[in-house]
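My notes follow in the order I went through them.

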Amino acid sequence: MRRDQRERAESGDAAVVGAGTTGLVAPAELAAAGWSVALLERNADIGGFIATEERTLPGYLHDTYSSWHPLFVSGPAHAVLGERLRQHGLTYRNTEEWVTASVADDGRATLAHRDPERTADGFADPADRTAYLAVLRRYERNMESLGGLLGGEPRSPEALRHLARLSRDAGRAGRERWPRSLASGGRGYARSEFRGGEVDHLYAPWLLHTGLSPDQAPGGFMLPLLAVTLHGFGLPVAAGGSGRFLDAFRSLLDSLGVRVETGAEVERIVVKRGRAVGVVAGGRFVGARRAVLASVTPTALYGELLPEDAAVGGLREEAARFRPGRGAMQIHVALSAPPEWRDGRLAAIPLIHLSDGSGSTGIACAEAEAGLLPRRPTVAVGQQYVLDPSRVPPGAAALWLQLQEVPFTPLGDAAGELDTTAGWTPELARGYADRVLDRVAAHAPGLREKILAVDVISPVHLAAHNPNAICGDPYGGSAELDQSFLWRPLPGSGRHATPLPGLWHIGASTHPGPGLGGASGHMVATALTTA
């Protein structure tokens with residue numbers, strides 16, 4: 001076969017680079033609209049930061065990285081693909097009862113129920129109960145506009161219409177609330193809106209899951225949005241583990257004729273006559289007659305994949321200044337039996353944060369950003385087996401521990417106990433894991449005796465697994481206000497359409513940012529198929 005014949009044979013309508021959530025959503029929607037699509041993934045399997053493995057012992061299914069899917073089931077991609085995925089085997093387990101809790105060092109616990117009123121009943125100050133329910137109603141009343149802003153292009157006439165509706169709803173007296181919440185951190189927002197500390201205690205640790213600290217904007221906007229999402233959608237997990245999410249997508253993509261190639265690292269994007277026309281992977285050209293979609297960081301897109309003479313203005317220089325966020329870490333624990341929490345209510349709660357609220361979480365974030373291992377890290381304690389007992393042997397349990405305040409290059413230990421001079425060695429990772437387990441055991445006596453095996457994934461492992469996790473940041477770059485919304489991915493390119501015709505940018509580094517919603521893949525697929 002001649003070279004031109006081979007190129008025609010390997011060409012389609014679109015080539016998608018990277019098979020994380022957005023890289024799965026986009027080809028599925030494009031193919032459903034009749035496009036021929038090639039999906040190229042450097043790793044041996046699809047999924048990005050989605051995987052389920054027996055990381056500790058046989059019979060214990062651990063979600064290796066991410067686990068909870070409220071952003072996906074509440075988002076537009078699920079609205080389009082959810083029924084198809086269900087037909088291909090994806091089912092969810094969820095709770096209609098208590099959904100999350102925060103536990104302070106002194107044992108004080110603040111709980112959130114799916115019912116907002118039952119949550120508010122736990123607040124000491126009656127005024128806070130009223131204020132909490134009022135802010136939830138305000139967000140719910142404006143969810144169409146908020147969803148439009150988060151699920152659409154920020155630099156567009158439609159975004160201006162959504163902003164106008166928000167302004168009209170707020171009225172003259174409350175018009176400044178939305179921009180003020182965007183400009184504030186979660187700590188400041190909670191202090192200004194509530195007298196007691198329950199809302200701060202409950203939701204400040206949740207800001208870590210958006211890539212923010214309690215004092216970074218737009219935490220004041222995100223904090224109530226997180227509350228609305230948890231009340232409305234709970235904490236769904238894929239039955240049988242997050243790997244079943246991938247199984248359903250594999251089956252769906254295959255049924256739609258998407259050509260999925262794993263172990264295919266894209267080396268460069270091919271540009272001809274000022275247009276992206278395909279990619280080179282493994283020395284082989286894969287053509288894209290209509291679009292190339294790249295789920296990568298701006299650093300990779302403009303600094304590595306595009307040829308130097310590509311006409312992208314000053315974006316190459318801007319991309320070099322794109323900032324990663326803090327590193328993260330995962331610890332998986334196989335237990336012979338469920339933890340015996342001092343507060344018995346915690347036994348039925350899927351996700352618990354060990355934190356005093358903005359106080360301890362803010363300190364831990366500051367220590368991590370200074371290059372120190374936090375003395376008192378915020379620990380996200382996942383108990384997925386509460387929702388899905390099939391993940392562990394009968395009578396057993398497993399903990400999914402996530403740390404989101406970890407330096408990629410540790411310069412020291414805030415507690416002065418661990419030697420960081422050699423970086424993230426196996427010894428350092430185990431030592432820090434022991435600190436974390438001690439924090440859990442302080443609230444669950446006898447935990448140590450139940451531990452059968454521990455698996456630790458350091459920030460270095462995260463970066464090696466996924467090149468989008470620069471410096472071990474799983475959120476595709478800092479989500480602070482100056483690198484979000486209008487300025488994500490870059491100040492000079494706050495859209496998914498790049499200055500290069502035929503090239504589209506998707507993934508966590510683009511609007512609306514990190515999470516498992518697949519929103520940017522949906523947005524671009526919609527733009528391409530409705531143009």
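**Entry 1: R345 and D343.** I am working from a predicted model. I began with R345, which counts as partly exposed because its relative accessibility is 46%. I then asked which residue R345 forms a salt bridge with. The partner is D343, and the closest N and O atoms are 2.8 Å apart. D343 is buried, with a relative accessible area of 17%. The cut-off for buried is under 20%, so D343 falls within that class.

**Entry 2: E417 and R435.** Next I checked E417, which forms a salt bridge with R435. Here the closest N and O atoms lie 3.1 Å apart. I placed E417 in the loop between β18 (412-413) and α17 (426-441), and R435 in helix α17 itself, so the pair ties together parts that are 18 residues apart in sequence. Are the two partners buried or exposed? E417 is exposed at 61% relative accessible area. R435 is buried at 9%.

I also noted a network. Salt bridges with shared partners join D105, D356, R376 and R439 into one group.

**Entry 3: R323 and D482.** I looked up the total and found 33 salt bridges in the structure. One of them is between the side chains of R323 and D482, at 3.0 Å from N to O. What does this pair tie together? R323 sits in the loop between α15 (315-320) and β13 (327-335), while D482 sits in the loop between α19 (459-465) and β20 (503-506). The pair therefore ties together parts that are 159 residues apart in sequence. R323 is partly exposed, with a relative accessible area of 29%. D482 is also partly exposed, at 45%.

**Entry 4: the second largest pocket.** I turned to the second largest pocket, which holds about 480 Å³ of space. It is lined by 21 residues, and those closest to its centre are L149, L163, L182, F485 and L486. I asked which elements give two or more residues to the lining. They are α7 (143-150), α8 (157-174) and α9 (177-182). Of the elements, α8 gives the most, with five residues. I then sorted the lining by type. It divides into 16 nonpolar, three polar and two charged residues.

**Entry 5: cis peptide bonds.** I looked at two cis peptide bonds. One joins A217 and P218, with omega at about 10 degrees. P218 is in the loop between α11 (198-203) and α12 (219-233). Another joins H511 and P512, where omega is about 5 degrees. I found P512 in the loop between β20 and α20 (519-530).

**Entry 6: positive phi.** R273 has phi near 50 degrees. This residue is in the loop between β10 (266-272) and β11 (275-281). How exposed is R273? Its relative accessible area is 85%, so R273 counts as exposed.

C471 has a phi of about 60 degrees, again positive. I placed C471 in the loop between α19 and β20. C471 is partly exposed, with a relative accessible area of 31%.

Notes:
Residues numbered from 1 in each chain as written. Predicted model: local features only at pLDDT ≥ 70, side-chain atom pairs only at ≥ 80, totals over all residues. Heavy atoms only, no water. 1 Å grid on protein atoms, 1.4 Å probe; cavity = no way out; pocket = protein on both sides within 12 Å on 5 of 7 lines; lining within 4 Å. Points joined across faces, edges and corners; volume = space filled by probe spheres on them. Helix = DSSP H or I, 4+ residues; strand = E, 2+ residues; numbered from the N terminus. Nonpolar A, V, L, I, M, F, W, Y, C, P; charged D, E, K, R; others polar. Salt bridge = Lys/Arg side-chain N within 4 Å of Asp/Glu carboxyl O. Buried < 20%, exposed > 50% of the residue type's maximum accessible area, 1.4 Å probe, protein only.
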